[in-house]
Each structure stands twice: as C-alpha cells, then as structure tokens.
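Take a look at the model below.

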Amino acid sequence: MQNKSKIKQLVKNNCASYLGDKHGFSNYCCWKDGSCVFFDNENPLPSCRYFENGVLPTDEKLEREYMLERNMHVERQIAKPKVNCKKCGTTFEANSNRQHYCGKCDENNKKDKAKLRMRKMRRKQA
Ligand SMILES: [Zn+2]
C-alpha cells in the first residue's frame, strides 16, 4: 500500500482516538483499545470505521485512494441532515434545508394542496 505513510501521518495529526504510546501499546487507539490498525505492518489493507468517517474526509485525494484500494464506493455520500417529519414525526434524511416532511407526507401535502387549489377554483366560479 503506497499511501500507508500518508494515512499514518493523517492518523497522527488528526485522529482523535490516536494517543501515541499509551497503556503499553505503541500507537494506541482509544476507540479500538489497542494498537491503531494503520500501524500494523502485517495488515496489507487495514481499515477503521472511525478513521473513515471522522478523519479521512479531511483529505479528499487520500480518501479516494483509500476507497479504491478497498473497493469501497468512491462517491462518498454527502451527509444529509436528519430531520423529523413535521407531520408524522418520522426521522428522515432531508435533501434540502427546506424539506420538513418525509417523502410520504410530502406527497400527501402536494395532493392536499392540489385539492385546496381545486376547491378555491370551484368557489370562485360559484
Ligand atoms: Zn411524515
């Protein structure tokens, strides 16, 4: 793995779980409660979820290399804000800040609005 030294550097500099030499471990990781996987030379393709989610995204180029090496999805999902639907309370991932209703309720709202519009039109005509 050619980017291993870059990853180690990133871990050392940015990983909140990486504590260096501690508790009798070298490269101690408090998340794993053991040595950081990226400093294990036996492991050709180490991976760490904490690192992938919290540290790796700070270096886009390295992230791409890392993902490719592991056949992971290269396109990182953009973290969507989690919102509670104003109508039914379901938690859903909003596509925009203006989205306040889950897919189902959003559809129902549209139908309601269409109905309202029809009603108003009819009232005007009457
Ligand atoms: Zn809803």
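## Terms and model

Buried means under 20% relative accessible area, exposed means over 50%, and partly exposed lies in between (1.4 Å probe, protein chains only).

This is a predicted model, in which local features need pLDDT of at least 70, side-chain atom pairs count only at pLDDT 80 or more, and totals for chains, interfaces and linings use all residues. Residues are numbered from 1 along each chain as its sequence is written, and side-chain values use heavy atoms, with hydrogens and water left out.

## The zinc site

Four SG atoms coordinate the zinc ion: those of Cys 85, Cys 88, Cys 102 and Cys 105, at 2.2 to 2.4 Å. Donors are N, O and S atoms within 2.8 Å of the metal (3.2 Å for Na, K and Ca). The donor residues follow the spacing C-x2-C-x13-C-x2-C.

Cys 88 sits in the loop between β4 (82–84) and β5 (91–93), and Cys 105 sits in helix α4 (residues 103–125). They are 17 residues apart, so the pair links distant parts of the chain. Cys 88 is partly exposed, at 45% relative accessible area. Cys 105 is buried, at 8%. Helices (H or I, at least four residues) and strands (E, at least two) are DSSP runs, numbered from the N terminus.

The axes of helix α1 (residues 4–14) and helix α3 (residues 60–69) come within 11 Å and cross at roughly 125°. Axes are lines fitted to C-alpha atoms, for helices over the stretch in contact, and angles run from 0 to 180 degrees between N-to-C directions.

Lys 6, Ile 7 and Leu 10 in α1 meet Lys 61, Leu 62, Glu 65 and Tyr 66 in α3. Contact here means heavy atoms within 4.5 Å.
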